[in-house]
Every structure is written in structure tokens, then in C-alpha cells.
Amino acid sequence: FALNKKHPEPRMFTPHAELKSSYDVVIIGGGGHGLAAAYYLAREHGITNVCVLEKGYIGGGNTGRNTTIIRSNYLTPEGVQFYDESVRLWQDLSQDFDLNLFYANRGHFTLAHTDAALRTMRWRAEVNKHYGVASEVVGPEVVKEAAPMIDITCGGHAPILGALYHAPGSVARHDAVAWGYGRGADQRGVEIHQQTEVLGIDVQGGKVKGVQTSRGYIATGKVLCAVAGSTPRILKMVDIKSPIYIHPLQAMVSEPVKPWLDPILVSGSLHVYISQSARGELVMGASLDPYELHGTRSTLDFVEGLTTHMLEMFPFLSNVKVMRQWAGMADMTPDFAPVMGKTPVEGFYLDSGWGTWGFKATPVCGKTMAHTVATDTTHPLITGFSLDRFRNYALTGEKGAASVGH
Ligand code: FAD
Ligand code: PYC
């Protein structure tokens, strides 16, 4: 027996030893968004002379650090329609990729502990229903039925008065999303280059001409920037100002325990959210860290704060161990909506401002950005997210639908 040491097929994508001297499109960032855009550029627009440049490894940014909540129960018409299209795309992805993404439809409850919170839930429910998205305000008894282990009084401090129930709420395996889009793009001719950092962007006469990388210069007329927490650094290279600021967002998981929690629960007032993963870990998170930081340091303070509030909801968890914690860099915007589309620099396109909310949008971002780059025309679903809305005082206020309090 002779072991075949030359694996004839790459496991996920083909390694390329050399960069070419030019590409039709260069995508900066091998997270879900960059890889999805590459996939749809190739699949829907036949544009395959494309490279994705990733300074680390694919999915190693916020894509591999998030808590995978997928939902479309937003507040603005622009947001609801955009995320609803994403939820539709998620349904077919495992089949598209021939890869199990562990997409699990669990139902999503945003808990209301005050009358003011209930009012916002009603508002969201009405906007959602108007656009055909399943959301409704329910009483505490429905929450208790869906999650029987909950202390509905939250230790007596913050009794649950009701919730926004969103049946389509789901979770998925995050890194598989990057692999699926990466493999699909690779199979269609896109090159993925890991360990390749973009250091500069060559702009002449207001137009993109190329990018300087840690492995040499590449000529190109089109650059898509999809770097989440590194957006301000890339924008400096093209001299574009934006109101994007970076805060750490932390999360943690417990040791695996037997399945006991089906739905996803979010409490804005207690600043916590929780779901249980396919392998039994409790996936938990809180609000942003309250300081700007371009770094992925995680803190004991975070674990202490989160567990204190988690135990108010689920006192029986007091002996469960925390297994891992980590942080990502959230590219926040003043109105909690993304910044997408064309920019004042010809050939430079932006997919950013994804803060704490961009994983669920991965498929629709890929699709709409591929369209925008391929046709040099803003996709109709992203017109509400343009960079110039800040200059024009035309914000798309999504703060009331952000996952946890900020
Ligand atoms: P990333 O996955 O960060 O990819 C960007 C890539 O660009 C990185 O891999 C980085 O290495 C690379 N890069 C940066 N600079 C350069 C350069 N100069 N050259 C080359 N490459 C570069 N969203 C949800 O919808 N639901 C959630 O439940 C949720 N939970 C979250 C929990 C946490 C703890 C965090 C941190 C975020 C959460 N988010 C959530 C937000 C979500 O993770 C992000 O919005 C989304 O993953 C962004 O994807 P991306 O592909 O744009 O960015
Ligand atoms: O966007 O639903 C969300 C979310 C939950 C946790 C972080 N983001």
C-alpha cells in the first residue's frame, strides 16, 4: 500500500505561489464579505480574474469571531428589506456550496423589561410585518414556554414584560461560511492569497490604478475594501474621511452541556444574549467595550459583567464553566447602519460599517457588492447605506434594532 502524499485536490481552495501582476478586481479582506463578493462576481457576473488578499487567514477576522445570529427584524425599511433578502439567501447556501453550514432556525426573542422597550418592539413588529417579515410582540408566558429554564423575573431586578418574537431567527457555523464562499470562488477561478497584506492603494487622477502589498505591486482598476475593523486604516490610503470608529466587541462560550436552550435570547436591558451551539456550548455576548481600541484584547471585566446578568436570567448555570473568550474589532457607524457602495475615488468600492451586525448580511453583501463592482452601479438594495448620507444628514437609524444595548 502506498499512501498518496500528494493530495490531488485542495481541501478548501488552491494555494497560489505567485501573485499575478494585474487583476480585473482586487478584494481586500478574506472574511465572509470579501469571499462572498468574489463568489458572486464569478458566479453571477462571469468576472473571474479576481484576487482576494487576506493579511492573516480566511475567516480569521470578525467572521470567525462572531456569535452567528441571523435575523431580519430591523427598524428601518431599508434595513428590513436588505436583511430579509439575506435571510432568503441563507436558506440555500449549504446546498449551493455542498457544505454543511449547520444553519439552524431557532426563533429569536428580544426581551423587553420596560414599557419603553415594549414600545420599540411594537414599532419593529409593525415595520417588519409591513415588509412581510415574521415578527410579533408576545407576552412573558410565551418566553417561558420557549425557554422553560428562564427566571422570568430575572432575579426580581428586571422582570420580563414581553418580547419581540422573530421566528426566522437562526444561527450557523461561522467559519464554514468563509470556507464555503472561498471554495466556491476558487472553483470558479478566483485566487485567494492568505498572508498578503495591502499596504497602500495607488490612486492617480482620482482613479484606482493598483495596490501595494506585502508581496509586491498589483495593477488593477477596481478595488473592493471589505476589512471590517481595519476600515479606517484602508480609508487613510485613499484619503477618504468617514465617521467609522472601532470598538472591541467580546464574546465567550461555556463548556458543552446537554441541549436545553432552543431559541436565541437577547436582553437589551441586561446587555446580554445567549444561544446554544450545535455542539452544546452556550454562546454568549454583551455590548461593545466602552472605549475605542484597534485591538482584540479580551478582559476579565467582560466575563464578570456578562455572567452576573446571565445568572439573573438563568441561575441554574452557576456551576457551568466558561471555556473560551475572545474579541473582535467592530467598525461602528453613528446610525448603526453599514456603509456600502461607490466612493469619491473611481474604482474604489466600500463594504464596511458592519459593527456588531454584519455576519447575517454576508450573503446579501456579497451579492449587492458584486453587482455594484461589476456594473459600477449601486445595487438598489444598498442605496440607503451610502457614505454621503452622513454629509447629507440622511441617516438610516438602526440603533433601536441593534442586538444589545450600546
Ligand atoms: P472580517 O471577517 O473581519 O474580515 C475582514 C478581513 O480583512 C480580516 O480577515 C482581516 O485580516 C483582513 N484585513 C484587514 N486589513 C487588511 C489588509 N490591509 N490587507 C489584507 N487583509 C486585511 N454579526 C451578526 O450578524 N450576528 C452576530 O451574532 C454577530 N456577533 C458578533 C460577535 C462578535 C464578538 C463580533 C466581534 C462581531 C459580531 N458580529 C455579528 C459582526 C460580524 O462578525 C461582522 O460584522 C462580520 O463578520 C464582518 O465580516 P467581514 O467579512 O466584513 O469582516
Ligand atoms: O446582530 O443580532 C445581531 C448580534 C447579536 C450579537 C451581536 N450581533
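**View 1. Strands E10 and E11 pair in the antiparallel sense.** Strand E10 spans residues 207-213 and meets E11 over 4 bridges. Strands here are DSSP runs of type E with at least two residues, and helices are runs of type H or I with at least four, both numbered from the N terminus. Two strands count as paired if DSSP finds at least two bridges between them. Val211 stands opposite Ile218 in E11. The model is predicted, so local features need pLDDT of at least 70 and side-chain atom pairs pLDDT 80 or more, while totals for chains, interfaces and linings use all residues. Residues are numbered from 1 along each chain as its sequence is written, chains are lettered from A and ligands numbered from 1 in the order in which they are written, and side-chain values use heavy atoms, without hydrogens or water.

**View 2. An open sheet of 3 strands runs in the order E9-E10-E11.** The pairing is antiparallel. Strand E9 (198-204) and strand E11 (216-219) are the edge strands, each pairing on one side only. Neighbouring strands of this sheet are turned by 25° against each other on average, direction ignored. The axes behind such angles are lines fitted to C-alpha atoms, for helices over the stretch in contact, and angles run from 0 to 180 degrees between N-to-C directions.

**View 3. Ligand 1 is surrounded by 37 residues.** A residue belongs to the surroundings if one of its heavy atoms lies within 4 Å of the ligand. Glu54, Asn62, Thr63, Ile69 and Lys360 are the closest. By class, the shell has 14 nonpolar, 18 polar and 5 charged residues. Nonpolar covers Ala, Val, Leu, Ile, Met, Phe, Trp, Tyr, Cys and Pro; charged covers Asp, Glu, Lys and Arg; the others, Gly among them, are polar.

**View 4. Backbone atoms of Asn62, Val198 and Thr356 face ligand 1 in polar contacts.** A polar contact is a pair of N or O atoms within 3.5 Å; within protein, one must be able to donate a hydrogen and the other to accept it, and residues adjacent in sequence count only if both atoms are side-chain atoms. A backbone N or O atom of Asn62 lies 2.8 Å from a ligand 1 oxygen. A polar backbone atom of Val198 is 3.0 Å from a nitrogen atom of ligand 1. For Thr356, a backbone N or O atom lies 3.3 Å from a ligand 1 nitrogen. Taken alone, ligand 1 exposes 1000 Å², and the protein buries 96% of that. Accessible areas come from the Shrake-Rupley method with a 1.4 Å probe; for residues, only the protein chains shown count as cover. Helix H1 (32-45) and strand E13 (245-254) are the elements that give two or more residues to this shell. E13 gives the most, with 3 residues.

**View 5. Ligand 2 has a shell of 4 nonpolar, 3 polar and 2 charged residues.** Around ligand 2 are Thr67, Ile69, Arg71, Tyr74, Tyr273, Thr356, Trp357, Lys360 and Ser403. A polar side-chain atom of Arg71 lies 2.7 Å from a ligand 2 oxygen. Lys360 also places a polar side-chain atom 2.6 Å from an oxygen atom of ligand 2. A polar backbone atom of Thr356 is 2.6 Å from a ligand 2 nitrogen. The protein covers 95% of the 240 Å² of accessible area that ligand 2 has on its own.

**View 6. Asp98 has a positive phi, near 55°.** Asp98 sits in the loop between helix H2 (77-97) and strand E3 (104-105). Asp98 is exposed (over 50% relative accessible area; buried is under 20%, partly exposed in between, with a 1.4 Å probe and protein chains only), at 66%.
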